[in-house]
Amino acid sequence: MKFKLLILSAACLFFSTGMSIGQTITKVAQGAKLSGVEGFCLDNSGNIFAAVTDYGSEDNTGYVYKITPSGVMTLVAGKETGYFQEKLNGPATESSIDRPKDVALDASGNMYIAGYGGKIYKVDAATKIITQFAAVSMPLNLEVYGNYLYVIAGNYNSSLLKYNLSSPGIAPVTLKQQLGLALGIDKQENVYVCGQSSGTVYKIAPNGTQITINTGFNYIQDLKIGSSGEMYLIKQADFIYKYISPGLFDTYSMPSTTQGYYITLDADGSVYKTDGYSSIYKMTFGPPAPTNIVVTAGNGTVGLSWNAVSVATAYKVYKGTSASTLNYLASVSSGTSYTDNDVANGTTYYYSITTIDNTNKESSQSSAISAKPLATPQITAPQDISVNIDQSTYVLTAPASNSQGSFSYTSSNPAIATISGSTVTLKAEGETTLTATQAAAGAYSTGSVTFKLTVTNLPQPAFGSFSIASATYGDGPVTIAAPASNSSGAFSYISSNPSVASINGNIITILKAGTVTITAKQAATTSYSAGSTAASLIIKQHPLTAGYAPVSRVYDGSNTASVSFNPFTPADGLIGNDNVTVVYTSATYSDKNAGDSKVITFNGLALAGTNKDNYTLIPLTVTGSITAKFVTATALPVSKIYDGNQTANITFNTLGSANGKVGSDDVSVVYTSATYADKNVGTGIPISFSGLSLTGSAKDNYSLSPLLLNGSIIQKPVTVSAVPNQKIYGESDPALTYTPAQALIQGDTFTGMLKRLPGETAGTYTIEKGTLILNENYALTYVPASFTISKAQLTVTADDKNKIMGLSNPALTASYSGLVMGDESSLISNNIQLSTSVSTSTGLGFYPISVSGPLETANYKVKYVNGTLEVKPGAPKDIQLAIVSKIYENQQPGITSGTLSSTSDDPNAIFTYSLVSGADDNKFFTISGNELKTAASFDYEAKNSYMVTIRSTTQYGFSLDKQFSVSVSDINEVPELNEVENQQICALSGEHAVRLTGISAGPESAQRIVFSVNSSIGDAFRKLKINYSSGNEGVLSYEVKNGFTGTITVAVVIKDDGGTENGGTDTFSRNFQISVNPLPETTITSNIGTSISKGLTAILTATGGTKYVWADVNGIISGQNSSALTVRPDKTNTYKVTVSNASGCSKEQEITINVLEDYQTLNATNILTPNGDGANDSFVIRNIDMYPGNTVRIYDRGGKLLYNTMNYNNDWKGTVNGSPLPTGTYYYIVDFGKGKQTIKGFITLVNDNN
């Protein structure tokens, strides 16, 4: 079946339904060979077969190309070279095709091509031979469904034709007329076509009924039906529509350059379309994108939510700092929200969401939506202010903040003070609260702080002299000496230009060179108002030393220089990270020639940059170099005829300004030898040089640029002539040979082979050049020759025949030996005569059959051979078996099944019967006269039907074999139950269940089954019951009474409802045993009792079993899988053991060991000899590990603390701060915590090193 397709650009995204569907756009084929592409189709492997009309040729010839999914393009029909020449019944790639408009494939891969000139071509999938399938006026659109080819034929007044592919010679059925060009078929073989110029689509069912669909269009170019019945239409070249209902479509726009009018769908629902020029595109559809996306920005976070999409299995989130560039951020596998915490406050982010469906297809991105996270600013509230009313106004200083937002101010009491901008106007004595509000800016939102303003009314203070010494930019802080004053108010200081000099307290920080006024402001007291006095501060420029990068330029005949000064560093006198650079107007070398260490002079040398006014430049001397200039050599075109070597001859052009030479300088190019990179024919062959250099008086001012010179080698002409040859019709062609007229260069040879014109009939054919070629170093001229096919030998033999005596003669026939090339006997059989002398009265015997006819045909010489007709008596024609009695399974042999009879053309025939030897089922039967009897007893379930082959033989020995089916009837057989395994259980073990398997009514599986159960000891059970409903398994549940031990035999009885008629059996019993074993008798004892001091080790001994397993509890040392458990508990513990006896029955027993914290097991050594001999090397307190939280202190005789540690590990070796203590007596105290016992003692330290 042919699939049609459509491809769209990545911008094809508006839909009348309003749904945003994702598409993936791929250009699957492109190339000059596709120029003029028309219709096309796909095979099941995804290969594209494209029909192309070469509108640039004089005769509008065309081709069909196969394009693989990887893009490999192969010609499969049409001749690419030469004039128009239609060669049907030959190779498809050697015949021209008249303007192919469309192409389709059948299930066998045979290809059908619509030739606009009036033919439908067929290319055989196996032989690749092209033939004419049908003649029809202007075929335009093809579709294959099953064994039928549907064709739209006739330009803009078309008809729908239906061809039977199995009967190419039969005229087509005309299904509808006066149609447009569109054609599509759905999976139910409903055919869709359109009206001539309207938007009407006709749906024609296989039975001929029609449904009219009004699409709302005024013209349709093509249409195709998807696997789910969806209809895709093309109205004009750059739009594709998916039909929903009359006037409602999903619309996909194509690039405006596309002109193709054919579309196709593949099995996955992807849509393909040509652009009418040289490309084929593919578009796959994705799910809809999410809608109603809501974004919420916070401090360092952005939250997203959206409406759910019904087909979604996941969503993808995309993010960027511009709406046009969004990158993948995260996947959301559940829910419809996402929080992005990887954001910077103050940055605007853009987000979009896509949908992922269950086929892992992704939708287009939703419209981008933006968000800008902001932080709350950190504003430092100003100190409260006190101002004398005679000051009239007061200018507020903006509070310190991490935000750059501007401040505005308000007063809580305008009767005391009002505010305009940052200026406070004082109105009356009193107090008001001022609020400073900062606007949002950058990464911060708005914020505010409050402070108090107090307005007073006091006299001004009187000041003495106030001055500050000058400084240099870059100096450290300057301390201000407070001026003399009659007021005791505290001083604060203000700089007239904080960008030049800033003040913190009475410390001035130098920021720039320049002059500023420092104002000393004195705070008000109870006797004086606030006042101020001022002094000037002069800050001088800082000296800078300039450094520069090495200066060099290429020779150009001038002395102009270009100098790049290094960035200033602190070593040059730069302060901090100031922005200062060196600039100049012009610079010149001392002369124009190439050379080193040339002095450079400057015009307009100065400092620049935002901090330039803070510095002065120290005078400097600069030197530089002029390097040689590169010149580019050019040469006359280089060419020679192929001669097998690589030598090249070069003529260089005179150097000029275009080559890089300056003015009339004396310089030119010379070389020693030149060589091609390859000896073979070609253009653009690289040439290499030996001794390539410059010469002339100005050569030292130049360097020769690397020379990339290419040349060409022309083909050598050679003429070759074919040698005449021949064969017999039907034989394989002999090898074709040739003779060259010119000698080849040593090592070169011919490749490929000659071929002759196609044709296998006797006659003469031209031997053509075929694939014979020389390598590209030669121009080959070919001289053809003749190839002769002579006639083959054909033998006609009259076939031997036989007949029953007295009957009419059989039809006489002949056999043909020697036919070749697929020829059939019909080419001569109509001219053959066969005859015999035998008639109905001729007796038994053998008689000749004569044959004669023409001695030659177009391709054969003919020979005739006579045959023989045998006359013989009649044989049996049929055998019948009449059933006498019914056969049941399990019956004894000897039952008569039926009687036999036969018929024959010979009315006097006498028949005898026998079983045919070797037939498998015959061994179960015997024949007595004409009776068929059983020879075995049968099993209905194993086999209920037998095939018996019986032979009937006449008195003349003629026989006939025939097979009969003999049936066996069923009787009821014993029901089935698998053996039940004997049970071993322990007393008091509760309820048990035994699986009953293999439950069956026997071979009669549909019968109903019932169970019963009984035991050898009736009162041993508390419960004994079988649970079964259906299937081949059931459960026997039982519980033994308490106190019972011993062995019980249980019988399970199964019965079906098939009865016992004709010897059937309906009941079966199965026995098994249950052994009930006693539990072990268990006790546990402790070797030191059940109350012990902390630190002691006890052995717990259990009895009464053969296997012991102790539960895992704190304090166990060993023996968990033995009868004796060794423990050293640090707290009261209960120890449990599971005891098992020889019968496998087990019982749990426990014992509790009470642990006393009485410190009785603590025992400290009183001798310490840290000499490394392994004895008394450390101070040891036995069992100290059982009292965690202990503190050990060691003192000397004078009471000095030498060692202090918690949770002592018995590791003190008689040292203090790493040094050994002298021999002597030391004292220890062990403290176990508040309210607990304390242990004291002494240690005798013997130290060999003291």
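## The disulfide

The torsion about the S-S bond between cysteine 986 and cysteine 1145 is about -100°, so this disulfide is left-handed. The link belongs to a predicted model, and the structure holds one disulfide. The S to S distance between cysteine 986 and cysteine 1145 is 1.9 Å. Cysteine 986 sits in strand β86 (residues 983-986), while cysteine 1145 sits in the loop between β99 (1133-1140) and β100 (1146-1156), so the bond ties together parts that are 159 residues apart in sequence.

Both partners, cysteine 986 and cysteine 1145, are buried. Two further cysteines can be described in the same terms. Cysteine 41 has a relative accessible area of 0% and is therefore buried. Cysteine 194 also counts as buried, because its relative accessibility is 0%.

## The largest pocket

Rolling a probe the size of a water molecule over the atoms shows where empty space is left. In this model the largest pocket holds about 1,100 Å³ of space. Its lining is made up of 38 residues, and those closest to the centre are Tyr394, Thr397, Ser492, Ile494 and Lys521. Six strands are listed as giving two or more residues to this lining: β33 (385-388), β34 (393-395), β42 (491-495), β43 (501-504), β45 (514-522) and β46 (531-540). Strand β42 gives the most, with five residues. By class, the lining has 21 nonpolar, 14 polar and three charged residues.

Serine 392 is found in the loop between β33 and β34. Although serine 392 is not a glycine, its phi is positive, at about 75°. Serine 392 counts as partly exposed, because its relative accessibility is 40%.

Tyrosine 65 is part of strand β4 (residues 61-67). With a relative accessible area of 2%, tyrosine 65 is buried. The C-alpha atom of tyrosine 65 is separated by 48 Å from that of threonine 651, which lies 586 residues away along the chain.

UniProt lists "domain: Fibronectin type-III" at residues 287-379, from an unreviewed entry. In the model, this span is 0% helix and 47% strand, and its end C-alpha atoms lie 50 Å apart.

UniProt also places "domain: Cadherin", again from an unreviewed entry, at residues 879-977. Residues 879-977 are 0% helix and 48% strand, with 47 Å between the end C-alpha atoms. Serine 897 is found in strand β80 (residues 896-904). Apart from residues up to four places away in sequence, serine 897 touches Ala882, Ile883, Val884, Ser885, Ile887, Leu932, Lys933 and Val966.

## Two residues in loops

Alanine 561 lies in the loop between β48 (551-554) and β49 (581-583). What is the relative accessible area of alanine 561? The value is 7%, so alanine 561 is buried. Not counting residues up to four places away in sequence, the residues touched by alanine 561 are Tyr584, Ala587, Thr588, Tyr589 and Ile600. Tyrosine 589 is 28 residues from alanine 561 along the chain, and their C-alpha atoms are separated by 5.9 Å.

Methionine 821 is placed in the loop between β73 (814-817) and α1 (826-829). Methionine 821 has a positive phi of about 60°, although it is not a glycine. With a relative accessible area of 41%, methionine 821 is partly exposed.

Conventions. Residues numbered from 1 in each chain as written. Predicted model: local features only at pLDDT ≥ 70, side-chain atom pairs only at ≥ 80, totals over all residues. Heavy atoms only, no water. Helix = DSSP H or I, 4+ residues; strand = E, 2+ residues; numbered from the N terminus. Contact = heavy atoms within 4.5 Å. 1 Å grid on protein atoms, 1.4 Å probe; cavity = no way out; pocket = protein on both sides within 12 Å on 5 of 7 lines; lining within 4 Å. Points joined across faces, edges and corners; volume = space filled by probe spheres on them. Nonpolar A, V, L, I, M, F, W, Y, C, P; charged D, E, K, R; others polar. Disulfide = S-S within 2.5 Å. Buried < 20%, exposed > 50% of the residue type's maximum accessible area, 1.4 Å probe, protein only. UniProt positions renumbered as here; feature names shortened; annotations may be inferred.
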